[in-house]
Amino acid sequence: MVEEIGTNEEGELVINMGPQHPATHGVLHLVVTLQGETIKKIEPHLGYIHRSIEKMCESLTYRQFSYVTSRMDYLSSHINNHACAMCVEKGLQVEVPPRAQVIRVMVDELTRIASHELWWGAMAMDLGAFTPFFHAFRERENINDIMEETCGARLTMNYIVPGGVMADIHPNFQKRVKSFIELFRSKIDEYDELVTGNIIFQNRMKGVGWISAEDVVSYGCTGPVARASGVHSDIRKLFPYEIYEKLQFNEILETGGDSFARYMVRMRELRESVHILEQLVDNIPEGEFQAKTKAVLKLPKGEFYQRVETARGELGVYIVSEGATTPYRIKFRSPGFANLSALDHIAAGGKLGDLVASMGTLDLVIPDIDR
Amino acid sequence: MTSEALKSTITALLPEAVFEEGGEWLALQLVPEQWRPLALQLRQHPELGFDFLFCVTCVDWKTHLSMVYHLRSTKLGHHLVVKVKLDRSNPAIETVSDIWRTAEFNEREAYEMFGVKFLHHPDLRLLILPDGWEGRNPMRKDFEDPVNMIKL
Amino acid sequence: MPSFENITNAIHTWLTTHLSAGWAFFIELVLVGVAAIALFAALGLVLVLMERRVAAWMQIRLGPNRVGPKGMLQSLADTIKLIMKEGLTPEGADKFLFNVAPYVVMIAAMLLLAPIGFARNLQIWDLNIGVLYISAISSISVIGILMAGWASNNKYSLMGAMRSGAQIVSYELSAGLSVLAIVVLTGSLRISDIVQSQETGWWIFKGHLPAIIAFVIFIIAVTAETNRAPFDLAEAESELTAGFHTEYSGMKFALFFLAEYINIFIVCAIGATLFFGGWMPFHIGHWDGFNHVMDYIPSSVWFFGKTFGLIFLIMWFRWTFPRLRVDQLLNLEWKYLLPISMVNLVLVTLVAIKQWHF
């Protein structure tokens, strides 16, 4: 298969980008056909980190399976757990207490900020600027500290469970979130100064990796990738869940459709998420943090689909239940998988450097693609 | 469009359509031959306009396989679930990867995981599994692998 | 006051009085060679450490701080580690070229040390075509890079080498033209003459706008010539993993690494010599009192101070800017820098003929 590939019949150079390559951020394997520096075709080979999560979930109970999903898109693990919990709740028809709902939305938004920060740093690194990575991690560390106090973990939190959240928030939670919001507002401006306004950066991003609105929909791209082409795709707005309906925030839309538009969508989303946190931090209602549920959960026979907006786009959890304690079949519709399928369309025709820029702004997380 | 209106529009296109009640969205049960002509209509019909195929998957029911397509219209906002019943011993269905581009990768995944053959698919190869897994379909219910244990 | 001039003169006198002229010359050659190699090694260690500390400072972290006092011996420890490592030669590589390439790059870098004036009257070889010699020798390193990329039998290496070739050859033009600006002002290619001509003030101040333009172009061009970010396309690690030295390991890799830092030192030293007067202290016209005070600072301090200032500037570039794309890189040179430096050369000529400079 890949091993024999050197130059193909047309004299084009075929290179293996990955599975160990600095720009693929994980074990993504791309077979890139080049003519000089120009990309002719990109062919992804997946599966290097496929753990068969869907199959594993078939033998896990409804309380257990969401822990595995933290490992899918590990940068938005809260949001994955959230989707699973909500899908189970939909089947059980459990009403989640308001306090739990607010806490869930808050940790979701914190996760989104943390994820976008990591993306920002890693993408700048792809383009050859090393320093932003460290600056992004400085602020991300604050979020991790908040998570550590409340959830007991820093990356795969497993905090959101069917019925609510696993434990009440730490007494410091509100205070620390408040100070984070204050700090972060000034830091986003610093990010813009360091990277966004840079002329080299703008030249690298503008007009690179363009995709039209129709193609975005056809390829099933969601999240910032879709919104950068002007397609409404924010699940929080389109099909609101939890308390998003009552919150004031905007769906960020750009019309450029290129890498720079995708970049700008995420940078503006950072501000929007801070805005959401600001509305909630002083308004966490008193009450239970978890609804009363049975010890052993049994979903009624049927099919349940729940979607949420992760940092990367629309995550769908599709549970087929036969009325047992374990799901009969689970499918995770991961945003990264669909976004990756558009990579060939986006980057072909560009230069090798453009591929790195496009890949950076697609924000691929490989375990999310492979599952 | 409400699910009643959807129902009547689809019935006009395909009189023998069988609808399934009880789910969150309107569900439609088909046989493989009906799928591709209907898919074209679903995509192009001005009142339906299902341009977004947001979830493609397969379910192994032990007696048969069933392809499940979740469709949404980004402009009109309505949903439709299409389930296509396939023969378990020789599952084959026409591809829709030219109608919705996202189906190309999802169909490849269903091909390797469940062994569903997508006729006229442009590039039906293993996507996730390594070479040598052709014909072994790990997501089927009867799949056993003593070395790489998947069941917990 | 002991100065390098006194030391070298003392050694020269001692040798010529005790030995025949031939032997004295030979021993001087050996001494110069040893000194050059020692300087080479010392500069490599210092610059690598400096780069890491500068990077750490910009990236809000500590940088090396374990080995030796404040991490001073870190690069020495790294060197020992690299010497101990096995130097792999990949299967299918052109073994001869693969092994020769790092030495070509290193020798090119070492040859460039010759005409640089480190302090008052401390120069290995003050040849009359010093500037021309520098331009000529600095082009040799591209051959080493192309050899390394070609011989590695690796597609990433080959692409890195091709990029590097295109880049160095193009940017040599504007580097040469901006150097020529100072040559026109001075009227000499000899490095010592150029330094001497700045006795009444450095060219960056004396030469009005054209000298400043020439300096900016020079800094951009030499950053590109040394394959440093934002022009590090030859090794662009997010695109080409490590470019032309992907396959190198151990000491052979270290030689590339060292050569890169020595090249930075050399181009910065040349920049300092041409635009900031080399070892010449900061003089203003005929303010003799002020100039005299400035003369008390040793000339080597002036030289290294200026050079390291420029090196810091180049490191600052690396840790703040993203990388250019390959076509943008060539566009920048051929569409902007080259025309500007050609016009600038005309301006400089006008300034020189009309004697507008101070």
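Predicted model: local features only at pLDDT ≥ 70, side-chain atom pairs only at ≥ 80, totals over all residues.
Student: Why is the pair A:W120 and A:Y191 called stacked?

Tutor: Two values decide that. The ring centres of A:W120 and A:Y191 are 4.2 Å apart, and centres within 6.5 Å make a pair. The planes of A:W120 and A:Y191 stand at 20°, and planes under 30 degrees apart count as stacked. So this pair is a stacked one. The structure holds 44 aromatic pairs over all chains.

Student: What makes this pair a tie between parts of chain A?

Tutor: Look at where the two residues sit. A:W120 is in helix α4 (residues 98-126) of chain A, while A:Y191 is in helix α6 (residues 173-196) of chain A, so the pair ties together parts that are 71 residues apart in sequence.

Student: How do you know whether A:W120 is buried or exposed?

Tutor: Buried means under 20% relative accessible area. A:W120 has 0%, so A:W120 is buried. A:Y191 has 1%, so A:Y191 counts as buried too.

Student: What makes C:I80 partly exposed?

Tutor: Its relative accessibility is 48%. Buried needs under 20% and exposed needs over 50%, so C:I80 falls in between. You'll find C:I80 in helix α3 (residues 74-84) of chain C.

Student: Why is strand β2 of chain A described as largely enclosed?

Tutor: Six of the seven residues of β2 (residues 29-35) are buried, so the strand is largely enclosed by the rest of the structure.

Student: How do you know that β2(A) pairs with strands β1 and β3 of chain A?

Tutor: Pairing takes at least two bridges. β1 (residues 13-17) and β2(A) share five bridges, antiparallel, with A:M17 opposite A:L30. Seven bridges join β2(A) to β3 (residues 38-45), also antiparallel, and there A:L34 has A:I39 as its bridge partner. Both counts meet the cut-off, so both are pairs.

Notes: Residues numbered from 1 in each chain as written. Chains lettered and ligands numbered in written order. Heavy atoms only, no water. Phe/Tyr/Trp six-rings, centres within 6.5 Å; stacked < 30°, edge-to-face > 60°. Helix = DSSP H or I, 4+ residues; strand = E, 2+ residues; numbered from the N terminus. Buried < 20%, exposed > 50% of the residue type's maximum accessible area, 1.4 Å probe, protein only.
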